[in-house]
Amino acid sequence: MRNIGRTVQSAIYRDGVFGHRPAVPTDPDALAEAARRRMTRTGWSYVAGGAGAQRTVDANREAFGRYRIMPRQMVDVGERTLATTLLGRDLPAPVLFGPVGALELAVQHQRTHGGRAAAPRNAEPALARAARDLGLPLVISSQASTPMEDTAAVLGDNPRWFQLYWSSDDAVVESFVSRAETSGCEAVVVTLDTHVLGWRTRDLDLGYLPFARGEGIAQYLSDPEFQKLVAARARTTSAGTTGETGSNRPTLAAVRSLLSMARHHPGSTWRNLREPYARAAVETFLDVFSRSTLTWPDLAWLRRRTTLPILVKGIQHPDDAVAALDHGADGIIVSNHGGRQIDNAIASLDALAPVVDAVRRHARPVPVLFDSGIRNGADVFTALALGADAVLLGRPWVYGLALAGADGVRAVTEHILAELDITMALAGVSSTEQIGRHNLAP
Ligand SMILES: Cc1cc2nc3c(=O)[nH]c(=O)nc-3n(C[C@H](O)[C@H](O)[C@H](O)COP(=O)(O)O)c2cc1C
């Protein structure tokens, strides 16, 4: 991507001459606010919310204010490029679409061709179209609302990775990884920080967990190994109590939940309502979602099952980065899950430089990626300056998706890339690969 800043900026100002303002705001707070106004209450709470008193969410943002970019003058920056190489792949920019589960929550409010009920199935395909248009890698989530094969079909030859939640069932893990390979994924990202779901007060106070309604479990529902577990469960139990009140009296909410499970389950909704499988699938998912017994040596098990590079996501402590490298990881993602897991944890940005330094000192240096708190191009610049090789974008493009589908994802991402390019120009840098700590104030 060459000089994208001026191109995007000029297009917006040119449209402004005709009285048009950007449909997707460029200001990060205005973007979030516009999305909040459009999204469902539960959808907004799930996407925007974090753990506990939201202190880590806030800390992730505040941290960016503590690192200041140093402007430099009289440097020839007439020709700029964001291009980079990551894990041997040439990319137009050091930016990826991070894994975001239950993405259907961002489009629940949208009316589409097939009516409102069809909107949830459009989330990942819309994201995939935007990723393909921009040529940026998409990290497909284990908790996606669309089977990975369908997302892969929309992506064409665009790069994609697969994010794995390490299920407590080995056969499901193996099946996910093998489906990811067949779907053309070029790396596996193992998320380590979510073996237990964080204490997410906003969702708790709404009594709302998407997965309990069948939302965000499409990878499982479409998986042959998972389906075997569901069938076994449906044979041996009456499928648990999801959707029933404590007194077992049906409520309107319970009926809605059952309907949601039936709609999300493969096959006819009507048949799913009468048979036990849809409920059994949700119960099975809640049972096998993840395991808290994992330790570093378990990484070797995964290593034996795939030849793809393995990156670990959720690293904050440099010792964990070193342990990951000692146990065969091919990349580190410094992330605190957007503040969704531990309240009052350190800002992810504060973890970045120590991890980068530890990885660079290691005998087997690997790429270090960063996420959590990036809202604009200056933030991307700052993360690259602290040593990240690339960044993952999260909530901002989800807000774009909520506002305007694939166009919204593209617009948000172009705004971020444009600001990155302009920041580079004004800091006297013509290539993302030149950005370093020298670009920050001491
Ligand atoms: C709604 C939502 C769902 C997410 N789902 C996943 C997921 O399925 N797997 C994963 O590894 N990370 C997931 N994440 C974390 C993101 O990959 C990323 O770490 C986080 O969004 C970065 O924080 P930021 O959005 O504040 O920049 C999710 C984040 C959000 C907001």
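Colleague: What is the mean pLDDT of the protein?
Modeller: This is a predicted model. In the protein, 96% of the residues reach 70 or more. The mean pLDDT is 95.

Colleague: How many helices and strands does the protein have, and what share of its residues is buried?
Modeller: The protein has 18 helices and ten strands. A residue counts as buried if 20 or more other C-beta atoms lie within 10 Å of its own. Of the 442 residues, the buried share is 51%.

Colleague: What radius of gyration does the protein have?
Modeller: The C-alpha atoms fill a box of roughly 75 × 55 × 40 Å along the principal axes. With 442 residues, a compact globule would have a radius of gyration near 22 Å. The protein agrees with that, at 22 Å.

Colleague: What percentage of the contacts with a separation of 6 or more comes from residues 24 or more positions apart?
Modeller: The count takes contacts with a separation of 6 or more. Within that set, residues 24 or more positions apart account for 73%.

Colleague: How is the protein divided, and what distance separates the domain centres?
Modeller: Domain 1 covers 4–196 + 291–439, and domain 2 covers 203–288. Their centres, taken over C-alpha atoms, are separated by 30 Å.

Colleague: Which element gives the largest share of the side of domain 1 that touches domain 2?
Modeller: The contact takes 23 residues from domain 1 and 17 residues from domain 2. On the domain 1 side, α3 (41–48) and α7 (170–182) are the elements that give two or more residues. The largest share, four residues, comes from α7.

Colleague: Which residues come nearest to the ligand?
Modeller: There are 22 residues around the ligand. By class, this shell has 14 polar, five nonpolar and three charged residues. The nearest are Gly 101, Thr 191, Gly 338, Gly 394 and Arg 395.

Colleague: Is Arg 200 buried or exposed?
Modeller: Arg 200 lies in the loop between β6 (188–191) and α8 (201–206). Beyond four places away in sequence, Arg 200 touches Gly 49, Ala 51 and Arg 340. Burial needs 20 or more other C-beta atoms within 10 Å. Arg 200 has 21, so Arg 200 is buried.

Colleague: What is the phi of Ala 102?
Modeller: Most residues other than glycine have a negative phi. Ala 102 is in the loop between β3 (95–97) and α5 (123–134). Ala 102 is buried, because 23 other C-beta atoms lie within 10 Å. Its phi is positive although Ala 102 is not a glycine, at about 50°.

Colleague: Where is His 337, and what is its phi?
Modeller: His 337 is in the loop between β8 (331–334) and α16 (348–361). With 24 other C-beta atoms within 10 Å, His 337 is buried. Phi is positive here in a residue other than glycine, near 65°.

How values were computed. Residues are numbered from 1 along each chain as its sequence is written. This is a predicted model: local features need pLDDT of at least 70, side-chain atom pairs count only at pLDDT 80 or more; totals for chains, interfaces and linings use all residues. A residue is near a molecule or strand if its C-beta atom, placed from the backbone, lies within 6 Å of it. Ala, Val, Leu, Ile, Met, Phe, Trp, Tyr, Cys and Pro count as nonpolar, Asp, Glu, Lys and Arg as charged, and the others, Gly among them, as polar. A residue is buried if 20 or more other C-beta atoms lie within 10 Å of its own, exposed if 12 or fewer, and partly exposed in between; C-beta atoms are placed from the backbone. Two residues are in contact if their C-beta atoms, placed from the backbone, lie within 7 Å. Domain bounds come from an automatic or database domain assignment. pLDDT is the predictor's confidence in each residue, from 0 to 100. The radius of gyration is taken over C-alpha atoms; the globule rule is 2.2 Å times the number of residues to the power 0.38.
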